[in-house]
Amino acid sequence: MKYEKIYLKDFFSALGDGNRNPTLEIYLHYNLKEMGRSNEKRPCLIVCPGGGYSMCSEREAEPIAMKFLPEGFNVFVLTYSVAPHRFPAQIREVAAVMELIHKNHEEWNCDTEKIAIIGFSAGAHLAAHYSTMYDCKEVRELFPESKPVNASILSYPVITADFEHAHKGSIINLIGHEPESKEEQEYFSCECQVNQNTPPAYIWHTADDTCVPVKNSFLYAEALSKYNIPFELHIFPSGVHGLSTCDRETLDNVTENTIYTRKWLSEVKKWLQSTLKLK
């Protein structure tokens, strides 16, 4: 495996404005020449950790990469800009990752038709926001040919900016204030941005999440259903917010409920196999 950490502003100078310094950790497989795999192209996974748009959680970064590397994925962990940096910094940084994957796909052995994005909590809002708005005007100002992802995995996601169900802190950290109009609320509500081009999604949540209401997952699933976009939705009966890999690596207290919820990992791998048509 090849590992490298890069600074996105070194490749796209505008991403360093306002003292921002987003980073990308790259985990690449070596192709095994002795097995005739010199030209094998790998599926890719972009990881967006959670943290309420105030931080990027370490528990939802490398531990996630380590779960998907054995499945043959090249993995890209994005430490994106957080408060006081506001939209559109974050969505542009995801677009930058997509640009780098496409630009370096030969050297990195990446299959550009099999790129998934996974996000956790506020990172799942970023993943869903990019999935639905990769070609919005704010992105296209910097990346006129911004690229879509092929699948999204949304883990206990922040989805809506409607404060009846929203995680208020995430939305305020992202835009700097409460939404000031219905139009602004909808612009940052991922369920309102779903369209016929939105990629399939795997969504999971716990029913008793007291931080991000489970309603967020239902809203996104309902929007996908409206456009006949394939999705898989798992609501586990119990578990605290931020379960990540559901094991001792990312949690201090592993309970029976946690162990039960851990199967999201095996289930999402099956879903990716089917959705991306992996070998």
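This is a predicted model: local features need pLDDT of at least 70, side-chain atom pairs count only at pLDDT 80 or more; totals for chains, interfaces and linings use all residues.
## Around Ser 121

Ser 121 touches Gly 50, Ser 155, Tyr 156, Pro 157, Val 158, Val 212 and His 241, leaving aside residues up to four places away in sequence.

Is Ser 121 buried or exposed? Its relative accessible area is 8%, and since buried means under 20%, Ser 121 counts as buried.

## The overall fold

Stepping back, you will find eleven helices and eight strands in the protein chain. The radius of gyration is 18 Å, close to the 19 Å that the globule rule gives for 279 residues, so the chain is as compact as a globular protein of that length. Along its principal axes, the C-alpha trace spans about 55 × 45 × 40 Å.

Of the 279 residues, 57% count as buried. Among contacts with a separation of 6 or more, 73% come from residues 24 or more positions apart.

## Salt bridges

Side chains of opposite charge can pair when their charged atoms come close. In this model the count comes to ten salt bridges, and here are some of them.

Glu 99 and Lys 147 meet in a salt bridge at 3.0 Å, N to O. This pair links distant parts of the chain, 48 residues apart: Glu 99 belongs to helix 2 (residues 89–103), while Lys 147 lies in the loop between helix 5 (137–140) and strand 6 (151–155). Lys 147 counts as buried, with 18% relative accessibility.

Arg 42 pairs with Glu 40, their closest N and O atoms being 3.9 Å apart. Arg 42 is buried at 11% relative accessibility, whereas Glu 40 is partly exposed at 28%. Glu 138 and Lys 137 form another salt bridge, with the closest N and O atoms 3.2 Å apart. Here Glu 138 is buried at 12% relative accessibility, while Lys 137 is exposed at 54%.

## The surface

The protein chain exposes about 12300 Å², and carbon and sulfur atoms supply 46% of that area. Which residues form a nonpolar patch on the surface? They are Met 1, Tyr 3 and Met 66, with about 290 Å² of accessible area together. Met 1 lies in the segment before strand 1 (2–7).

How values were computed:
Residues are numbered from 1 along each chain as its sequence is written. Side-chain values use heavy atoms; hydrogens and water are left out. Patches are made of residues with over 30% relative accessible area and no salt bridge: like charges are joined within 9 Å, nonpolar side chains (Val, Leu, Ile, Met, Phe, Trp, Tyr) within 5 Å. Accessible areas come from the Shrake-Rupley method with a 1.4 Å probe; for residues, only the protein chains shown count as cover. A salt bridge is a side-chain nitrogen of Lys or Arg within 4 Å of a carboxyl oxygen of Asp or Glu. Helices (H or I, at least four residues) and strands (E, at least two) are DSSP runs, numbered from the N terminus. The radius of gyration is taken over C-alpha atoms; the globule rule is 2.2 Å times the number of residues to the power 0.38. Buried means under 20% relative accessible area, exposed over 50%, partly exposed in between (1.4 Å probe, protein chains only). Contact means heavy atoms within 4.5 Å.
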